[in-house]
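Dear colleague,

Please find below the structure that I am handing over to you, together with its sequence.

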Amino acid sequence: METLHIPQGINYECTGCGKCCSGWAVPMTEADHERISAVEWTGINPALRQKPLYRELTKNESKGTPYSHKIVSDTGTCPFLVDKLCNIHAERGIEFKPSICQLFPYCFSETPTGVYATVSFVSVGAVYNAGAPLLDQREYLERKWLEFRRMYPDYKPDWSHTRLSVGMPITWEQYLQIEKRLLEILKEDEKPLAVRLLECSSFLRTQLPAAAGVPTPVAAPTTLTDVPPLNSLDKALLSVFHKMYFPAKALKQGDGDFSAMRLAAENFLGSKRLQLPGTSFSVEELNALPFCDDKEVDNLLYRYVFSHVFGKKYFGAGFGQVSIIPGFHHIILMLSLLKLHSKALAKMRQAPAVTMLDVAAAIRQLERQVGETQLGGYSAAAWEMMLGPSTRARRLLANIH
Ligand code: SF4
């Protein structure tokens with residue numbers, strides 16, 4: 001098989017909290033359905049009386065997927081989860097579960113230099129870095145990758161459009177050199193994460209002349225002092241992205257798409273307050289609440305950024321074919337939103353400061369919602385334009401703490 005690259009410092013083990021088994025429709029392949037539906041589950045667990053437990057997907061639902069059925073739930077929680085325990089797992093072992101549950105929360109990015117494994121931060125185990133290092137799970141991860149490959153035979157990510165910025169293509173080898181430096185900077189944990197991110201953004205900017213064939217590097221600021229406050233467009237962007245990633249009410253079809261029109265309308269006409277169920281907050285109101293000074297939270301935010309970069313989940317085939325610099329600035333914007341949303345959660349429960357629980361809830365929601373984002377056409381162009389400037393990234397880093 002292809003070389004499997006496994007990140008250092010990322011652990012995973014199921015914590016048995018049951019939270020990952022809610023809020024999803026669990027799809028099943030034909031083989032999953034045949035295997036699982038052949039068992040009389042109500043005989044094993046009388047709690048599984050809900051009928052029917054499965055339904056066939058419509059042609060539209062199954063189009064382009066390896067799935068034929070899904071597990072039915074009328075509560076939003078998988079009916080096989082009883083007392084925080086997966087009954088399929090308990091009765092028949094992990095390899096009897098639906099394929100998607102076996103793969104979760106592992107993520108794989110296939111690239112010209114091999115497959116890069118990471119975990120999804122929707123998983124509570126991933127958020128808390130629970131269990132054994134992924135590096136010690138190589139054999140299991142290799143099996144999961146092969147299963148993923150079998151399930152998605154058409155998965156062929158196209159990295160041939162890798163660009164540093166709009167109109168600045170780079171080769172995969174050039175990208176790997178850039179990524180090497182980004183990861184080195186990110187690992188300098190004697191510096192605050194915001195400073196490391198700023199240094200990464202500045203470093204990326206110095207690569208622009210090289211990509212354009214111009215030899216002189218562009219100087220870029222690497223300190224967070226004397227930075228102007230957030231401007232009106234920064235706040236409008238925070239509000240638009242917050243609506244997308246932390247929707248106060250369920251998004252309608254099409255809402256999961258960034259449209260240039262929508263961004264413009266939100267900027268000029270819309271509220272710049274961050275909406276939460278039944279309330280809203282301005283950036284200033286949220287900023288006034290202290291974030292948590294906690295090593296565990298620092299480590300979580302670092303791992304979140306590191307996983308995106310190592311897993312190549314922020315640009316090119318890893319994220320809507322956006323270019324590298326706006327993709328990296330999107331990570332900075334996500335971190336800003338994570339902080340603001342964690343503060344909003346703390347404020348809503350009238351807590352004096354943010355805790356790890358607020359950040360964990362925010363990061364799980366963000367990861368889930370970002371995974372469902374669609375990006376293409378005019379939306380991608382607007383997105384690149386709004387997130388390209390390193391000055392905006394610097395203002396976000398300096399003004400949201
Ligand atoms: S089948 Fe088991 S692991 Fe999968 S969602 Fe249901 S309870 Fe969770």
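Two strands are taken to pair if DSSP finds at least two bridges between them. The model is a predicted one, and the notes below should be read with that in mind.

**Strands around β9**

A hairpin links β8 to β9 by way of two residues. Strand β8 (residues 106-111) runs antiparallel to β9, and six bridges join them; in this pairing, C107 has T118 of β9 as its bridge partner. Strand β9 (residues 114-119) also pairs with β1 (residues 4-5), here in the parallel sense and over two bridges. On that side, H5 has Y116 of β9 as its bridge partner.

**Surroundings of the ligand**

Which residues are found around the ligand? They are C21, V26, C78, F80, L81, C86, I88, H89, K97, P98 and C101. By class, this shell consists of nine nonpolar residues, one polar and one charged.

**Helix packing**

Helix α8 (residues 172-186) packs against helix α13 (residues 295-310) at an angle of about 170 degrees, and their axes are 10 Å apart. Since angles over 145 degrees count as roughly antiparallel, α8 and α13 are therefore roughly antiparallel to each other. On the α8 side, the contact is formed by E179, L182, L183 and L186, and on the α13 side by V305, F306, V309 and F310. Seven residues of this contact are nonpolar, none is polar and one is charged.

The second pair is helix α10 (residues 232-245) and helix α14 (residues 324-348), which pack at an angle of about 75 degrees with their axes 10 Å apart. This angle makes α10 roughly perpendicular to α14. Helix α10 contributes L238, F241, H242 and Y245 to the contact, while α14 contributes L333, S336, L337, L340 and H341. Here the division is six nonpolar, three polar and no charged residues.

**Residue F246**

F246 is located in the loop between α10 and α11 (260-268). Is F246 buried or exposed? A residue counts as buried if 20 or more other C-beta atoms lie within 10 Å of its own; F246 has 20 such atoms within 10 Å and is therefore buried. Apart from neighbours within four places in sequence, F246 is in contact with H341 and Q365. H341 is also one of the α14 residues in the contact with α10. C21 is itself among the residues around the ligand.

With kind regards

Methods. Residues numbered from 1 in each chain as written. Predicted model: local features only at pLDDT ≥ 70, side-chain atom pairs only at ≥ 80, totals over all residues. Near = placed C-beta within 6 Å. Nonpolar A, V, L, I, M, F, W, Y, C, P; charged D, E, K, R; others polar. Axes fitted to C-alpha atoms, helices over the stretch in contact; angles between N-to-C directions. Helix = DSSP H or I, 4+ residues; strand = E, 2+ residues; numbered from the N terminus. Parallel < 35°, antiparallel > 145°, perpendicular 65-115°, else oblique. Contact = placed C-beta atoms within 7 Å. Buried ≥ 20, exposed ≤ 12 C-beta atoms within 10 Å, placed from the backbone.
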